[in-house]
Amino acid sequence: MLGLCRRTEKLEGAVQISGSKNAALPILSACLLTDEKCVIRNVPDLEDVRVMFALLRKMGKTIKFEKNIAQVSGRLRSGVLPEKLVRKLRASVLVMGPVLSRLGEGSFALPGGCALGERPIDIHLGGLKAMGASYSILRGRMIFMRQALRGAHIKFSFPSVGATENLLMASSCAGGVTVIENASVEPEIGDLCLFLRAMGVGITRKGSSYTVKGRACLGGADFTVMPDRIEAGTFLLAAASVGGRVRVDSARPAHLGALLTKLRATGVKISKKGNSLTVNSPKIIKPVNIVTGHYPAFPTDLQPLWAVYMLRASGRSSIKDKIFPARFMYVDELKRLGASMVLKNAVLMINKSRLSGTNIYACDLRAAAAMIIAGLMAEGETRVYELRHLFRGYENFFIKLRKLGANVSMEKVKK
Ligand code: EPU
């Protein structure tokens, strides 16, 4: 599929935010920690979520998915993570923690790099090793020998989101107490902790340290996934970039602090009422620099969208990504639209630019959303190819944008 975008003068109306992809994925994986039934609500209907379902099914689970509610039941039978699914979904490494803490053994295909740059899993593996796991690598797989995990004191060299989630799940069914220091504190991890607590795990957090009291047997739970803060941020930035007035409903404004501060600094007016945020974009916006970092700093997932927004600003701005320093693959594509951007020493400089439509190719999920918004700002027609990246992480993106008045549609790519 490709996205066909035409210049849109303004976006207007209200948009409803879906459940968080990056909270739903670890929570679904945590269902492997019990054989009892789990009901997970507000699960976004996305390609990544469907791959996670396929993975859980391979491991013995039965899943019913209807109206954004996933009912996960059945016994964990297998600890084999197939290469095909790992290649489709990097977050599939999140099943390692639950599988090893339940079965003590497993065979997992090694994840490779991706469009965001090198993505090692050394921090995940270091934590699992500290808990007693041992593995060898054979024909592209990590083979974990049978070994019960036990509580440990772990200090991460870097606060990795995925490693924090993996180790929280691994320690949930391990014997004894686990302390994880220098861990991530992203809201999605908070949601995972709420789910684990609902299953019976004792988890406390103090700053960036978690203490987990493992239990051999966990119960099922009924849980509602938090709203997607990155989707909320995407629509706030879409409105700010294209212009107009948009209300973003079912957001959690408290999760969007860094973005709201930066948006306001550009001159955008934002008002808050309960769980809704209304953004009003002025004619002239100021350039504002960002540096991405761990929560509560500016999220890396919104930096490609910020880059597109800054093409409107009346001056030069810069972006430095401290989480994925190489997350600038989208720059060359935006240049094809006429974006004046220079990448030097891993810092992206952005100048005010007039965009004109052409064919561009999405390289990852957030870049796909950013390119569609750029297409709405460009004169003429922009075709965004490789939309499959978008479907991995945005539910009904085109429907939602069109409801706001965007000139977008989807077309089949002619062979
Ligand atoms: N890292 C290591 N070793 C590790 C793990 C991570 O060096 O063992 C490095 C990575 O290479 C990267 C940095 O640490 O440079 C951050 O990685 P992290 O583990 O924190 O991220 P992740 O768990 O792989 C999650 C989200 C990403 C989001 C990042 C950062 C999910 C499923 N994915 O990835 O979301 O960008 O945290 O916030 O939760 C997206 O949704 O588009 C997306 C990419």
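Colleague: Is Phe 397 buried or exposed?
Modeller: This is a predicted model, and the answer rests on computed areas. A residue counts as buried when its relative accessible area is under 20%. Phe 397 has 2% relative accessibility, so Phe 397 is buried.

Colleague: Which residue does the ring of Phe 397 pair with, and how is the pair classed?
Modeller: A search of the whole structure gives 11 aromatic pairs. In one of them, the ring centres of Phe 235 and Phe 397 are 5.5 Å apart and the planes stand at 55°. Planes under 30 degrees apart count as stacked and those over 60 as edge-to-face, with the rest tilted. The partner is therefore Phe 235, and the pair is tilted.

Colleague: How many residues apart are Phe 235 and Phe 397, and which helices hold them?
Modeller: Phe 235 belongs to helix α8, residues 229-242, and Phe 397 to helix α14, residues 397-403. The pair thus links distant parts of the chain, with a separation of 162 residues.

Colleague: What is the relative accessible area of Phe 235, and which residues make up its aromatic cluster?
Modeller: Phe 235 is buried, at a relative accessible area of 1%. The cluster is made of Phe 235, Tyr 394, Phe 397 and Phe 398.

Colleague: Turning to the ligand, which residues come nearest to it?
Modeller: There are 22 residues around the ligand. By class, this shell holds 10 nonpolar, 5 polar and 7 charged residues. The nearest are Asp 122, Ser 160, Asp 301, Ile 323 and Arg 366.

Colleague: Which helix gives the largest share of the shell around the ligand?
Modeller: At least two shell residues come from each of α1 (21-30), α5 (122-130), α6 (161-172) and α12 (365-377). The largest share is 3 residues, and the helix that supplies it is α5.

Colleague: How many residues of α1 are buried?
Modeller: Among the buried residues of α1 are Lys 21, Ala 23, Leu 25 and Ile 27. At the start of α1, a side-chain oxygen of Ser 20 comes within 3.4 Å of the backbone nitrogen of Asn 22. The helix is largely enclosed by the rest of the structure, because the buried residues number 9 of the 10.

Colleague: Which backbone nitrogen lies 3.5 Å from the side chain of Thr 178?
Modeller: Thr 178 sits in strand β11, residues 177-181. Thr 178 is buried, with a relative accessible area of 0%. A polar atom of the Thr 178 side chain is 3.5 Å from the backbone nitrogen of Ala 152.

Colleague: Where is the cis peptide bond, and what is its omega?
Modeller: Most peptide bonds are trans. Pro 296 lies in the loop between β18 (290-292) and α10 (303-309). The cis bond joins Tyr 295 and Pro 296, and omega is about 10°.

Colleague: What are the phi values of Lys 67 and Asn 68?
Modeller: Most residues other than glycine have a negative phi. Lys 67 is in the loop between β4 (62-66) and β5 (69-73), and Asn 68 lies in the loop between β4 and β5. Both values are positive: phi of Lys 67 is near 50°, and phi of Asn 68 is near 65°.

Colleague: Is Lys 67 buried or exposed?
Modeller: A residue over 50% relative accessible area counts as exposed. Asn 68, at 27%, is partly exposed. Lys 67 has a relative accessible area of 76%, so Lys 67 is exposed.

Notes:
Residues are numbered from 1 along each chain as its sequence is written. This is a predicted model: local features need pLDDT of at least 70, side-chain atom pairs count only at pLDDT 80 or more; totals for chains, interfaces and linings use all residues. Side-chain values use heavy atoms; hydrogens and water are left out. A residue is near a molecule or strand if one of its heavy atoms lies within 4 Å of it. Helices (H or I, at least four residues) and strands (E, at least two) are DSSP runs, numbered from the N terminus. Ala, Val, Leu, Ile, Met, Phe, Trp, Tyr, Cys and Pro count as nonpolar, Asp, Glu, Lys and Arg as charged, and the others, Gly among them, as polar. Buried means under 20% relative accessible area, exposed over 50%, partly exposed in between (1.4 Å probe, protein chains only). Rings of Phe, Tyr and Trp (its six-membered ring) pair if their centres lie within 6.5 Å; planes under 30 degrees apart count as stacked, over 60 as edge-to-face and the rest as tilted. A polar contact is a pair of N or O atoms within 3.5 Å; within protein, one must be able to donate a hydrogen and the other to accept it, and residues adjacent in sequence count only if both atoms are side-chain atoms.
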